[in-house]
Each structure stands twice: as structure tokens, then as C-alpha cells.
Amino acid sequence: MSADMDIFTLAGSLILTGCVVVFLVLFLLIFIVWLMGRITASIAEKQAKKAAPVPAAPAAVQQPAAAMPAPMQVEEGIPPEEVAVIAAAVAAASQDAPVAIRSVARTPGSRSAWGAAGILRNTRPF
Amino acid sequence: MFEVFTETIQSLVQESGFLNVSHGQVVMLLISFVLLYLAIGKGFEPLLLVPIAFGMLLANLPLAGLSAHDPNGGLISMLYKGVEYGIYPPLIFLGIGAMTDFGPLIANPKSFILGAAAQIGIFITFFGALLLGFTPQEAGSIGIIGGADGPTALYTTAILASHLLGSIAVAAYSYMALVPIIQPPIMKLLTTKKERAVVMEQLRPVSKLEKIIFPIGVTVIVSFIVPSAASLVGMLMLGNLLKESGVCERLCKTAQNELMNIVTILLGLSVGATATAESFLGIGAEDSLFQASTWVKMFTENPTLKIIILGLIAFALGTAFGVLFGKIMYWLSKGKVNPLIGSAGVSAVPMAARVSQRVGQEANPGNFLLMHAMGPNVAGVIGSAVAAGVLIAVLG
């Protein structure tokens, strides 16, 4: 930077340069990420079409009497509210794919809750 | 023999810290105690603030030779080489990248705009610092506090104005801890309740291939445009690639845990040890607190007070511009984007995103903005690294 540049010129030029460069780089990244998304979606679509067989012409609707699914097994001591929360979490994680919850039970803990909390605290993002 | 004993004791007393401590060192020791209390008692970013505060304490022990700039080359001055040569901050970024999920950003790349907007505060604060009499390099180091990114602030300051490292480190990490207090009033001031209550559409799923290509692409593109940002962005993306590739689990775990913890200790300790009375308070060993001139010097020539005020302004401006750009996106999208996620464009990951979530839930209890806010939050990390690269390229 020239020693003769006054404060206002220096500040103005840096503000302009900084904002332009940061926005330019990030707009470019927006375009690249969008393009990448389109390309990978297109590839995934083509692969899905190759893998899926051509569906048969829709027949007359005849729903065979389906057997009633076995009731969900819930371990004793787990309240219905917790089961509802778990079901909502599974539905969100499965991203609308068909999912059936067969049972809800506590896993045998290999690590205590305090230990897990300690690990989480030590590895939380900075 | 008794005389020799007496002389020896006298000599030990003469060389003890009690007779050689300056008033400035006493003040710095007290400041280090306050910072330790804030870190341990109040939970202010303890992982960095405890080593920083303790480094400050060690550096101000009289005759101990534990300052980062000790002329005799003590332990901490050797550890400080990692800061001086810009090694520690990129290694911290390696760990951060290994812990970051860029999925929300990839799913909604428009979040990059909010990450960019939040960096405007850096450059405006640069102007303010120039007006207060700082040199351009010092002003650039102060402005980068607005990026709310500790490693980036330290990396930039080590290159541009290393004598301000102690003050800037304390300011940067203190404000990062105060995100939940500083941001909400600004967010509520700039938005209406209707805007804050906007529920955003669920993000699309992101494939593993995208998550693998993303860090490679970002590194190449950013480094070609701003080569001085390559160190920070490259290490951030290396850490992320270790995580997303799925074939480097051991390296990823090391980056997230052991490496991160080791570098954090060394970085915090050596940065804290730059905070001597001369650099932090602007007073020398010969200045006495019983003289009015010393107090005048502390308040007029002390850079730390100005840095703390400017740092707050930078942070507030970053939040404000992020929210304002969020409002622009709200209008352009006809009400589909919640402007609150704009405040997460400052790179205090993940606290700023949590603040967006909390303020959004106050307006609409059923609203979950966290994942939407993570996009701008991690975009801000990239944005602040690019901004740092620009400052280093122009002012370095």
C-alpha cells in the first residue's frame, strides 16, 4: 500500500475490494455447488432408471386382505411420549422412505451417560 | 558462615519476584485471574480462554522469562514459533473441518450469501480503527474480530500486527462466548415478529459424492482466487475430506480430538503469553500506578480498550448485515427464507446457529431453524477465511 494514501482512500478501496472479492468468491461457490447438485442428481436419476424394472400396467385394484402387522414391542418403563418422539426422529431421518418400527428398547449401555456427556463436551466444535 | 548465610538470603530476596514486580505486571496478573474466573466460573469459551489466561499469568510473573517474546528464548517463546509462523491456526482449522458438516450449506448454497454478508462488518471496522489512529495492519487485525473466528483472527494478527495478539485473542474469544447475549437484541431490532416466525422448507438430502467433491472444489477455487487464504481454507477442507471420505476414520478421529486438543493448548498458552503489561496496557516496567500520568497513559495509549470496543462494533455489524441480507432474501423469496438465519453468518460455529434457533422459537415455538442456520454458519467460516486472505494480501 502506498504510504501517501490517505485514510479515506485506503479504507474505501479496502472496503470495496474486500466486499467484492468475498462476494465474488462465494457467489462462484454457490454456482459450483448448485451445478454439482444438478450433476449428481442427474447421475443418481440415470442409475435409478437403469436399476428399476419397467412397472407393469396397473391392474384392477385388488387389495388382498393383508395380515395385521404384529404390534410394536415397547420395553416396560418407556412412556408413550418418548415412543412418539423416537418415531418422529426415525421418520425425519428416513426422509419419507417407508419405515416400520418393530420395537423400542433401551440398549445395554457400554458407556455411562456421564461418560458420554464428557466426550461430547471435549469434542464439541470450537 | 552466618554472614555468608545472611548474604545468600539477602541475594535470594533481591532476586525474588516480590522486589522485582512492576505495577503493570500486578494489574496483568489480576486481569488473568478475572479471565480465569470467566472461563472456569462462567464457562466463557473455557477451552481457549483457560490457556490464554494462564499464558497471560505466566508471562507476567516477574523474572520468570515466560513471555512469548522473552529475549533469552524460554519455553513459551519456543512454543510461540507456531503462532509466529502461522502453524497453529491452520491446524485448528483442520480439526474444525473434521467436525463440521457442510451438508446444510450444500443443500442450500444460497446460504453462502449470508456468510459473505456477515463479513462486511470486518471491513467497516477496519475504517473505524484507522480513524482511531491504528496503522492499516493493526486496523486489519482488529477488523477481523468481526468474523467471529478465533483461529482466523489469530492467524491474521500474527502476520499483520503480532504485538496485538494478546488483546485481540482476549477480545475475539470473549465476544464468541457472548454471542447469545450480543446477537438477539440486534436480530429482534432488525426483524418483525412475522419475519421471525417464518418456517423454512426442509432441506434436500445431500449425497456422499457431493460431500466429497465439495471440500476439494472449494479448496481449489478459493486458493486460485485468494492464494493467501489457502492455508486456512485448505486445512479446513482437508479436515472435512478426512471426515466425509469415510476411509480415514482414524485420521479424522485424531484431527477431531488429540490434534485439536494439543494445538489448542499450545496456541492458547503462547498467545496469552504475548499479553505483557507493555503490549496489553501500554505501560512500561518503570510506570507507577501512583502517578496520574500512568493512568492517563493506560487510557489514552492503551490499545486494548479501543480493540475491545472496535471488536464489539465489528461483531455487531457482522450480525446486522447478515440479518439485513436475510431480509433481502426473505423479500426476494416471497417469505420463504427466515431472516434470522442471516445472523448465523458470523462464524461462531455452532453457537450462532443455536441463537437463530432460539430466537426463532421465541416467535414460533414449532419452528426449527437450527439446520437451516448451520448453512450460513459454516459459510461464514469460509467467508471469514477469504476476508482474512484479502486483508493479508492487501496489507501484508
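The model is predicted, and the predictor assigns the complex an ipTM of 0.82 and a pTM of 0.77. Chain A and chain B bury about 3700 Å² between them. The largest nonpolar core has 137 residues, and A:L29 and B:F102 are among those with the most contacts inside it.

**Confidence**

- Chain B has a mean pLDDT of 89, and 100% of its residues reach 70 or more.
- Within chain B, helix α17 (residues 230-245) has the highest confidence, at 94.
- The lowest confidence in chain B falls in helix α20 (residues 292-300), where the mean is 76.

**Chain A**

- Chain A holds three helices and two strands, and from the N terminus on these elements follow the order α-β-α-β-α.
- Chain A has 126 residues, of which 17% count as buried.
- Its accessible surface is about 10000 Å², and carbon and sulfur atoms account for 66% of that surface.
- The chain is divided into domain 1 (1-50) and domain 2 (70-107).
- Between the C-alpha centres of these two domains of chain A the distance is 43 Å.

**Interface between chains A and B**

- The size of an interface is often expressed as the accessible area that is lost when the parts come together.
- Of the area of about 3700 Å² buried between chain B and chain A, carbon and sulfur atoms give 85%.
- On the chain B side, B:L47, B:F112 and B:F123 lose the most area to chain A, and together they make up 14% of what that side buries.
- The contact involves 51 residues from chain B and 31 residues from chain A.

**Nonpolar cores and buried segments**

- In the largest core, of 137 residues, the residues with the most contacts inside it are A:L29, B:F102, B:F112, B:F214, B:I382 and B:V386.
- Helix α23 (residues 370-395) of chain B contributes the most to this core, with 14 residues.
- Apart from this core lies another one, of five residues, including B:L94, B:A98, B:L242 and B:A255.
- Leaving aside residues up to four places away in sequence, B:F102 touches B:F214, B:L236, B:M237, B:N240, B:V378 and B:I382.
- Helix α12 (residues 150-160) of chain B is mostly covered, with ten of its eleven residues buried.
- Those buried in α12(B) include B:G150, B:P151, B:Y155 and B:L160.

**Backbone details in chain B**

- The peptide bond from B:V349 to B:P350 is cis, and its omega is near -10 degrees.
- B:P350 sits in the loop between α21 (303-332) and α22 (351-363) of chain B.
- B:K334 counts as exposed because its relative accessibility is 76%, and the cut-off for exposed is over 50%.
- A positive phi of about 40 degrees is found at B:E45, although B:E45 is not a glycine.
- B:E45 is placed in the loop between α3 (23-40) and α4 (46-59) of chain B.

How values were computed. Residues are numbered from 1 along each chain as its sequence is written. Chains are lettered from A and ligands numbered from 1 in the order in which they are written. This is a predicted model: local features need pLDDT of at least 70, side-chain atom pairs count only at pLDDT 80 or more; totals for chains, interfaces and linings use all residues. Side-chain values use heavy atoms; hydrogens and water are left out. Helices (H or I, at least four residues) and strands (E, at least two) are DSSP runs, numbered from the N terminus. Buried means under 20% relative accessible area, exposed over 50%, partly exposed in between (1.4 Å probe, protein chains only). Accessible areas come from the Shrake-Rupley method with a 1.4 Å probe; for residues, only the protein chains shown count as cover. A nonpolar core is a set of buried Ala, Val, Leu, Ile, Met, Phe, Trp, Tyr and Cys residues joined through side-chain atoms within 4.5 Å. Contact means heavy atoms within 4.5 Å. pLDDT is the predictor's confidence in each residue, from 0 to 100. Domain bounds come from an automatic or database domain assignment. Buried area is the accessible area (1.4 Å probe) that two parts lose on being put together, summed over both.
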